[in-house]
Amino acid sequence: MKLTSHPMTLNLRTTFRVSHGASDQRHNVLAQIEHDGLVGYGEAAAVFYYGDTQESLMAYLNGLPDLGDDPFLLEDILNSLPSGPPAARAAVDIALYDLWGKMIGQPLYRLFGLTLAPLPPTSFTIGIDTPDVMAARVRELNYPIIKVKLDADDPESAVAAIRKSTDARLRVDANAAWTPEQALELITRLSQYDLELVEQPLAPGDPKPYVWLHDQLRARGVMTPIFADESIKTSRDVAAHAGAVDGVVVKLMKTGGLREALRTIHTARAHGMKIMLSCMIESSVGVTAAAHLAPLCDHLDLDGPLLIANDPFRGLCYEGAELSIPTAPGLGVSLLDPR
Ligand code: MG
């Protein structure tokens, strides 16, 4: 198997601001594994708040030892990878799964034993801006599920303005911006706006503040579900958060690929937690890979390709908030403008 990596610079349709910072471009990496006349595609998203850059991801991929000649040894291959950025490991995992599907002639969801019977709809994410601009954007989008990015700077005004503009299902994501006391007051007040869930209100690390927040909210009769994103990267982080949060946000770029994403989903289920399948800002390669796990999840937040103006691939399709997952072998993605 021959692994190569290529820079993939994605231009965003609009500037994307979250509590960690703002960006107009993302510098991801495309991985290709060639084997027996077939090409498997994978993607690594460079997420600046995890300290990754396009250069560091490519350096990891270009420095990997030979992957051998048998893509079906996926467990051995992934276990033998040197420690490194989960996003770069995800690119290898995704490309190997794409190869599997192409060798067997089946789409990934079928390799996982899943059907595409009704999938949950996906949300569309609105970055942080002034409340008026955020509300105008929601009206213009006219989307049935909106995920709203918030920080600690008067988040209630943003949610109030958006709720006034739409009946859509609303989820919010604080990206770890609130203190426990702030989160308790804010989530209590925000519950009047009929939120579907609140994602990562507190800093990652110690689960105890999450336990405190959960107990305090319930004591006040606030039932808004809390989901952990930055706090739970892999299956190993799940058990410590059982009882502290209601759900887990699963992303291939945190787990290091599909194989560990499956383990994380099953571990969370074993602890009675809900699952939201999500993505970073990724092209159709990474997000289509994730979408093959969608039948296992309660909520989808797979809007990556919708945020990008120059997606080099075609993969999953959107009709409003409804996803259709490609049925071609492997990921089912194709390069739009082959080089
Ligand atoms: Mg999040």
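**Surface patch.** I looked up F72, M103 and I104 and found that they make a nonpolar surface patch of about 250 Å². Areas come from the Shrake-Rupley method with a 1.4 Å probe, and for residues only the protein chains shown count as cover. I placed M103 in helix 3 (residues 86-104); helices (H or I, at least four residues) and strands (E, at least two) are DSSP runs, numbered from the N terminus. M103 is partly exposed, with a relative accessible area of 32%; buried means under 20%, exposed over 50%, and partly exposed lies in between (1.4 Å probe, protein chains only).

**About the model.** I note that this is a predicted model, where local features need pLDDT of at least 70 and side-chain atom pairs count only at pLDDT 80 or more, while totals for chains, interfaces and linings use all residues. Residues are numbered from 1 along each chain as its sequence is written, and side-chain values use heavy atoms, with hydrogens and water left out.

**Magnesium site.** Which residues hold the magnesium ion? I found D173 (OD), E199 (OE) and D229 (OD), at 2.0 to 2.3 Å. Donors here are N, O and S atoms within 2.8 Å of the metal (3.2 Å for Na, K and Ca), and the site may look incomplete because water is not among the atoms. Along the chain, the donors are spaced D-x25-E-x29-D. D173 sits in strand 6 and E199 in strand 7, so this pair ties together parts 26 residues apart in sequence. Both D173 and E199 are buried.

**Strands 2 and 3.** I checked strand 3 (residues 38-44): 5 of its 7 residues are buried, so the rest of the structure largely encloses it. Strand 2 (residues 21-35) runs antiparallel to strand 3, joined by 7 bridges; strands pair if DSSP finds at least two bridges between them.

**Two positive phi values.** Most residues other than glycine have a negative phi. D36, in the hairpin of strand 2 and strand 3 with 2 residues between the strands, takes a positive phi near 55 degrees. D36 is exposed, with a relative accessible area of 69%. Phi of D194 is positive too, near 60 degrees. I found D194 in the loop between helix 7 and strand 7, exposed at 56% relative accessible area.

Conventions
Patch = residues over 30% accessible without salt bridge, like charges linked within 9 Å, V, L, I, M, F, W, Y side chains within 5 Å. Salt bridge = Lys/Arg side-chain N within 4 Å of Asp/Glu carboxyl O.
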